[in-house]
Amino acid sequence: MWAIAAADFGADLDLVELPEPVAGPNELKVRVLAASVNPFDRKVVNGMLRDSAPHHFPLVPGTDGAGVVEGSGERIFGTFFRRPVGGGTYAEYVTVPAENPLAPLPDDMDPAVAAALPTAGMTALQLVESLGAAQSVLIVGASGGVGSFAVQIARAAGKRVIPIGRGDSLVEADALVDLVSADRSSFEANARYAPLAFNTNYVSADPAQNFGMKGSREALVRLAALVQAGDLEVPISRRVPLRDAADVFAGHGPGKTVIIM
């Protein structure tokens, strides 16, 4: 099979030919239709998990995808992260533990749209749910992948959303979701504008402010329903054929990059 992979930590991505993976017990082999590119994928290639998980090389990145289960023909989408790290979705085939967050891919949904949903969409959905009864929310970093989803999901939930860019002046609101501040001082300066605040980039001394995405089949089904109802638009800015995808980490702008098999 063809895949996009890195020969070592920090190496450039290249198009390589690899053996098709073989599904083990309680695993599914999936023919990938589309895979989305997340910042996490680049961090994995750069060695983010080298001290916490085994890896194998060539390292194929990619967490999110949509595809067809070999044998059953079922179309699915979800998160395909597994250990050892290196058998990701930037490939024509992938194996995935059956207990991973996976859901049926609706017949009328573009696989590229479904592939772009899981990590960013489930993070945004959980963040909005964490706001509880808050009626107004500041979202710092509203133009990014998670931010654009959070804006739409919060509005669909009836909340007043105030999108804020990096460095913009803030106003008071019931809640704050900060997707860009990378240090405590910046976040705590922003958090004074809202009694309920979350940051996705560091661990706070206040456990109530910490956030960790927990994926589930139910969350994926809900996201797909929001898309089908017209309440959630998935911003895909770039669709790249697999064989031309060695540069998918180059540049960063609004919207999702999706690799098409």
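Asn-26 counts as exposed, at 63% relative accessibility; buried means under 20% relative accessible area, exposed over 50%, and partly exposed in between, with a 1.4 Å probe and protein chains only. Asn-26 sits in the loop between strand 2 (13–17) and strand 3 (27–36). Its phi is positive, about 60 degrees, although Asn-26 is not a glycine.

This is a predicted model, in which local features need pLDDT of at least 70 and side-chain atom pairs count only at pLDDT 80 or more, while totals for chains, interfaces and linings use all residues. Residues are numbered from 1 along each chain as its sequence is written, and side-chain values use heavy atoms, with hydrogens and water left out.

Two peptide bonds also deserve a note. A cis bond joins Phe-57 and Pro-58, with omega about 0 degrees; Pro-58 belongs to strand 4 (residues 55–60). Another cis bond, also with omega about 0 degrees, joins Arg-83 and Pro-84, and Pro-84 is in the loop between strand 6 and strand 7 (85–87). Most residues other than glycine have a negative phi, and most peptide bonds are trans.

As a whole, the protein has 6 helices and 15 strands; these are DSSP runs numbered from the N terminus, helices being H or I of at least four residues and strands E of at least two. The radius of gyration is 18 Å, close to the 18 Å that the globule rule gives for 261 residues, so the protein is as compact as a globular protein of that length. That radius is taken over C-alpha atoms, and the rule is 2.2 Å times the number of residues to the power 0.38. The C-alpha trace spans about 55 × 40 × 30 Å along its principal axes. Of the 261 residues, 50% count as buried.

The largest nonpolar core has 42 residues, and Phe-77, Leu-117, Ile-139 and Ile-153 have the most contacts inside it. Such a core is a set of buried Ala, Val, Leu, Ile, Met, Phe, Trp, Tyr and Cys residues joined through side-chain atoms within 4.5 Å. Among the elements that give two or more residues to this core are helix 3 (118–130), strand 10 (136–140) and helix 4 (145–156). Apart from it lies another core, of 33 residues, which includes Met-1, Val-69, Val-96 and Leu-242.

Ile-139 touches residues including Gly-147, Ile-164 and Val-177, leaving aside those up to four places away in sequence; contact means heavy atoms within 4.5 Å. Val-177 is in strand 12 and touches, among others, Leu-127, Ile-139 and Phe-198. Glu-74 lies in the loop between strand 5 (64–69) and strand 6 (75–79); beyond four places in sequence, Glu-74 touches Gly-67, Val-68, Val-69 and Pro-104.

| Residue | Relative accessible area | Class |
|---|---|---|
| Ile-164 | 8% | buried |
| Glu-74 | 38% | partly exposed |
| Val-177 | 3% | buried |

Some C-alpha distances place these residues further. Ile-164 and Asp-41 are 123 residues apart in sequence and 26 Å apart in space. Glu-74 and Pro-101, 27 residues apart along the chain, are separated by 15 Å. For Val-177 and Gly-147, 30 residues apart along the chain, the separation is 8.8 Å.
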